[in-house]
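This report concerns the structure displayed below. Please keep the sequence and the model at hand while reading.

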Amino acid sequence: MKKAGFFLPVLVVAIITAFSALFIVDERENVLVLQFGQVKQEITEPGLGFKIPFIQEVVRYDSRILGLQTQPLEVTPLDDRRLVVDAFLRWRLVDVRRFREAVGVDGVRAAQGRMDRIMNAAIREVLGSVPSNAVLSEDRTGLMNRIRDLARREAQTLGIEVIDVRLTRTDLPQENLEATFARMRAEREREAADERARGNEAAQRVRALADRTVIELVSASRREAEIIRGEADAERNRIYAEAFNLDPEFFAFTRSMQSYERALRGDNSNMVLRPDSEFFAFLRSDGSSESIFQAARDAADALADDPDMILQRAPESDPEEPDAVRELEAIIGN
């Protein structure tokens, strides 16, 4: 019984010691076995590992790709336009022993601080050698690759591999934004004023051309109208003259009758004229009007007895006369 009671604690201690000597390496991590702070073993493959209990210790490091967002950094390109830039970095551990020697016991936290300083130096060196327009243009990808290469060379001393670098923001400082916006606004207003001026100039040209065209059309139309009106008046006078030459006495009589019709209208028409006025030639009783009436009656009776007489007295039709004249002459002939 005493031996059994003695071996039981020893067995428990042996089991605990055996379990403390074993450890598992995950596929997502790298392991260092340290003895009194010195690296005794580096394990990068997953599986089961052994160490000396109570003397050696196991330090684990993440072997996956890690990310680091840098703090906003103000840089000055070649054209002295200050820019606020921040970047995103992807990295991973490739040499755990060197990483341990470089950063010490603080591990990834210390490495992130070192990488942040490395990135700031690389960003200042690359972006400070180009104008600001290159940072905001298609050359941005080439600049990011240059920053990545510089950071990769510096990070090798830490046992870190820099996989990729991306500039996530490239802005002007807040104090420069208002001035930049004001300059952009003034430039756009100048361009808008130029466009409006060119538009007004084009509009003036169109209006001037339209006004000139209107004046030319109206003038041509008025000239043609005056010509047509003059030709019509001349033709009218010719027709009147021909009608008068057919029978002057009858023509004078009919014109006087038309004048009387227009002048003496209504029941109370008063006119103040000289008694011997030509207007009352057909209304006087001194014998002159009687002779005129008699001549008009004789002409009317002659036309009633022989309607073709007027055709004999009428002038022959001219084929070059306007259609309206020939129609009027045909009416007179009928």
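## Overall architecture

The model described here is predicted. The secondary structure of the protein chain consists of ten helices and nine strands. Of the contacts with a separation of 6 or more, 62% are accounted for by residues 24 or more positions apart.

Of the 334 residues in the protein chain, 27% are buried.

## A nonpolar surface patch

A nonpolar patch on the surface is formed by Leu22, Ile24, Leu48 and Phe50, which together have about 420 Å² of accessible area. Strands β1 (22-25) and β4 (47-50) are the elements that give two or more residues to this patch.

Leu22 counts as partly exposed because its relative accessibility is 34%, a value between the limits of 20% and 50%.

Thr70 is located in the loop between β6 (66-69) and β7 (73-75). Its relative accessibility is 3%, so Thr70 counts as buried; the cut-off for this class is under 20%.

Beyond its neighbours within four places in sequence, Thr70 is in contact with Asp86, Ala87, Asp116 and Met119. With regard to Ala87, a polar atom of the Thr70 side chain lies 2.8 Å from the backbone nitrogen of Ala87.

Definitions and conventions
Residues are numbered from 1 along each chain as its sequence is written. This is a predicted model: local features need pLDDT of at least 70, side-chain atom pairs count only at pLDDT 80 or more; totals for chains, interfaces and linings use all residues. Side-chain values use heavy atoms; hydrogens and water are left out. Helices (H or I, at least four residues) and strands (E, at least two) are DSSP runs, numbered from the N terminus. Buried means under 20% relative accessible area, exposed over 50%, partly exposed in between (1.4 Å probe, protein chains only). A polar contact is a pair of N or O atoms within 3.5 Å; within protein, one must be able to donate a hydrogen and the other to accept it, and residues adjacent in sequence count only if both atoms are side-chain atoms. Contact means heavy atoms within 4.5 Å. Patches are made of residues with over 30% relative accessible area and no salt bridge: like charges are joined within 9 Å, nonpolar side chains (Val, Leu, Ile, Met, Phe, Trp, Tyr) within 5 Å. Accessible areas come from the Shrake-Rupley method with a 1.4 Å probe; for residues, only the protein chains shown count as cover. A salt bridge is a side-chain nitrogen of Lys or Arg within 4 Å of a carboxyl oxygen of Asp or Glu.
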